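Please look over the sequence and structure first.

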Amino acid sequence: MIKIAPSILASDFSRLAAEISMVENDGADYIHVDVMDGRFVPNITIGQPVVAAIRKITKLPLDVHLMIEDPDRHIESFVEAGADIICIHQEAGIHLERSIQFIRSLGAKAAVSLNPATDVNTLKYVLPELDMVLIMSVNPGFGGQEFIGFSIEKIKELRAMADRLNPGMDIEVDGGINMDNIREVVKAGANVIVAGSGIYGDGNPATAVSLMRRMAGG
């Protein structure tokens, strides 16, 4: 089953409640929250108070993507704020397996993200412990970038590895996904699609989630 996770990074923050309600009403599966610290990535976005505020206005699972250095310092506070899924970067921490176990001990689902240039084989030994892997199909830090073509091969490689080691694991893809390329991304093996500009930048964002799901074939 294909899951669509609208990224609020591309939404109008001045009317965030309405923006979230709009995609929830159109059948979104998750709300994707990009947390950036201005160090691991160039941009700075939002923190725990905004996640806590979002938690009050939606019943959808909150998929919180921590694009921050030393994420262990903040995992617990984001779970307390209402995160259902915590995604940390393979490149950002030191003891990845320990971080994964910490996330799970707090009752959240554990996910790990890979930057475009990071090989999927770096996750070989922790893959059985993960609920989800996020393939970044743009370099993280800014919305509105174009999809990096070699991401398709990475998704295929990860799907093959997951089929051997953790068949029930979700594969999420984030960056430059739109109505034109979503089917190729899903065909490669992804089942969770993050879209920011592809939804909120659409001419009719109130129906973009359902249209994107149809285009994905799911």
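The model is a predicted one.

**Asp70 and its loop**
- Asp70 sits in the loop that links β3 to α3 (75-81).
- The phi angle of Asp70 is near 45°, which is a positive value in a residue other than glycine.
- Most residues other than glycine have a negative phi.

**The sheet**
- The open sheet is formed by 8 strands with parallel pairing, and their order is β1-β8-β7-β6-β5-β4-β3-β2.
- At the edges are β1 (3-6) and β2 (31-36), each of which pairs on one side only.
- From one strand to the next, the twist averages 25°.
- In general, strands of a sheet pair through backbone hydrogen bonds.

**The β3 and β4 pair**
- Over 4 bridges, β3 (residues 62-67) pairs with β4 (residues 85-89) in the parallel sense.
- Within this pair, Val64 stands opposite Ile86 in β4.

**Helices on the sheet**
- Helix α2 (residues 48-57) packs on the sheet and touches β2 and β3.
- The direction of α2 makes about 170° with that of β3.
- Helix α4 (residues 96-105) lies across β4 and β5 (109-114).
- Relative to β5, helix α4 runs at about 145°.

Note on methods. Residues numbered from 1 in each chain as written. Predicted model: local features only at pLDDT ≥ 70, side-chain atom pairs only at ≥ 80, totals over all residues. Heavy atoms only, no water. Pairing = 2+ DSSP bridges. Helix = DSSP H or I, 4+ residues; strand = E, 2+ residues; numbered from the N terminus. Axes fitted to C-alpha atoms, helices over the stretch in contact; angles between N-to-C directions. Contact = heavy atoms within 4.5 Å.
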